[in-house]
Amino acid sequence: MSTDMTSDGDKSLYENWKKIYPSHQPGFFRNLRWVVYAIELGIFFLLPLVRWERPEGLPSQAVLFDLPERKFYLFDLTIWPQDIFLLAFLLIAAALGLFFMTALAGRVFCGFMCIQTVWTDLFLLLERLFEGDRKRRLKFDRSPWTLRKLLVKTGKMLAWLLVSLLTGAAFVFYFADAPTMARQFLDGSAPYPAWFTLGFLTLTTFVMAGYAREQVCIYMCPYARFQGVMFDEDTLIVAYHPELGEPRESNRRKRTAMGEGVGVCIDCNTCVTVCPMGIDIRDGQQYECITCAACIDACDEVRRKAGFDARLIRYTSMREMKGEKIHMLRGRVVVYALLLALFLGGIVYYLLWHVPLEMTVIGHRQPLYIVQSDGGIQNNYTLRVLNMTANAQQYRLRVAGMAGAELAVAAVAERDERGDPVLRVEPGSVNAFTLYLKQPAREVTTGRLEVVFHLLARAPEGGVASYKTVFMRP
Ligand code: SF4
Ligand code: SF4
């Protein structure tokens, strides 16, 4: 027995896919969505092209995720592997932002900002340019294949392919120098991972925005599945007001003239034909609704043309629909907002105040210590210095905790006015130095001695770091 049949074998458990032909609906929310899309698309496509001045040897791309070097460049910031927890913080903040937005305004993210919505609308725009609006598209798809139909369909697909290719390329540009990678794509010398990423994103963009469209939101998106738990009675939703619209009547004027009590809805179906999810909002709140507000624009236009005042479809909440006052400031909204502020504040605090300098000092084991001919004791160490700033730095090296300490660094002759060794480290580099720390015979006692090495950058942005270790003695 086929697994997609119910026990009585006569009904499929899966709904057959029906192509949706949403019509274009101008209006306030449509314009708002274009503005949001323009910002989102502008940032996505243009950001990798922005150049940024950095010292020689460092990339000149403002935003670059340099995976081989394991460094992320964000304008003046350099994120190092040890800062990777910031990524976790950022993901948590993004999730909290989504929860906050959902608790406040339902699926407004899906309808106005989600990349699936943005790219689907972009593809729909191209589809309209080639095939016309809803009625023409419906007729065109039902018409027999002709040379013209073939050319129009091919033209549309080529346009989709171009947008998909640009999308894939723009994504790759975030991981390599954009002009170099663009040249490599054009002359065919790009590395295999770049080709693979370009191909994968081109294909997924083409399929998801061109064909899968609302199916992605309904069947594939995990967010759509659990967003219901973030809703409450005060969450903003797009809803039809049956108390105003029902009983709906297409011949409303005539029925009203005849004294029949009819609702305001003229049953024109415009709100249904504009819906990208193919639902009828008049059937009540539905899980498929992405709160894009196209039906609000549609009904508002019908309202203006038909000359009635009642806003049949609008942003509202379950509580408001019951005739009660809506509460924007609620417990869960405040909790999400506070947590969001906490995580974002933590990221900002770290980025502003973290020290761009790291050091480690490892004592040599062979030998643990050297007894010198004058009775003094010497320990050798390897010092590693990581300069996380965008400039070359000079650091003074000092040691504390040892009376009469004499400190020298192999191959470093430069000393400051106090006689401390001065170490130079290039931007974004780790340098290793061999240290010789000696305690003169007059100060030597027995046993281990705790010492602390201090690195102090000469430039204020270079930072200060310390490392505690031991000085071994007989
Ligand atoms: S019902 Fe209205 S708000 Fe919901 S997806 Fe359809 S058009 Fe958008
Ligand atoms: S657009 Fe408005 S008037 Fe037309 S069917 Fe929808 S709710 Fe009724």
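Two residues are in contact if their C-beta atoms, placed from the backbone, lie within 7 Å. This is a predicted model, in which local features need pLDDT of at least 70 and side-chain atom pairs count only at pLDDT 80 or more, while totals for chains, interfaces and linings use all residues. Residues are numbered from 1 along each chain as its sequence is written, and chains are lettered from A and ligands numbered from 1 in the order in which they are written.

**Residue S317**

- Not counting residues up to four places away in sequence, S317 touches E233, D234, T235, L236, I237 and I326.
- S317 sits in the loop that links strand 5 (313–316) with helix 15 (318–321); helices (H or I, at least four residues) and strands (E, at least two) are DSSP runs, numbered from the N terminus.
- S317 counts as buried because it has 22 C-beta neighbours inside 10 Å; the term requires 20 or more other C-beta atoms within 10 Å of the residue's own, whereas 12 or fewer make a residue exposed and values in between partly exposed.

**Nonpolar cores**

- A nonpolar core is a set of buried Ala, Val, Leu, Ile, Met, Phe, Trp, Tyr and Cys residues joined through C-beta atoms within 7 Å.
- In the largest nonpolar core, of 29 residues, V238, C271, I281, A294, C295 and I313 touch the most other members.
- Strand 4 (237–240) and helix 14 are the elements that give two or more residues to this core, and helix 14 gives the most, with five residues.
- Another core, of 19 residues, lies apart from it and has Y395, L449, F453 and A457 among its members.

- Four strands, in the order 11-9-13-14, form an open sheet with antiparallel pairing; two strands pair if DSSP finds at least two bridges between them.
- Strand 11 (422–425) and strand 14 (464–471) are the edge strands, each pairing on one side only.
- Strand 9 (residues 393–400) and strand 13 (residues 449–457) run antiparallel and are joined by six bridges.
- V399 has F453 as its bridge partner in strand 13.
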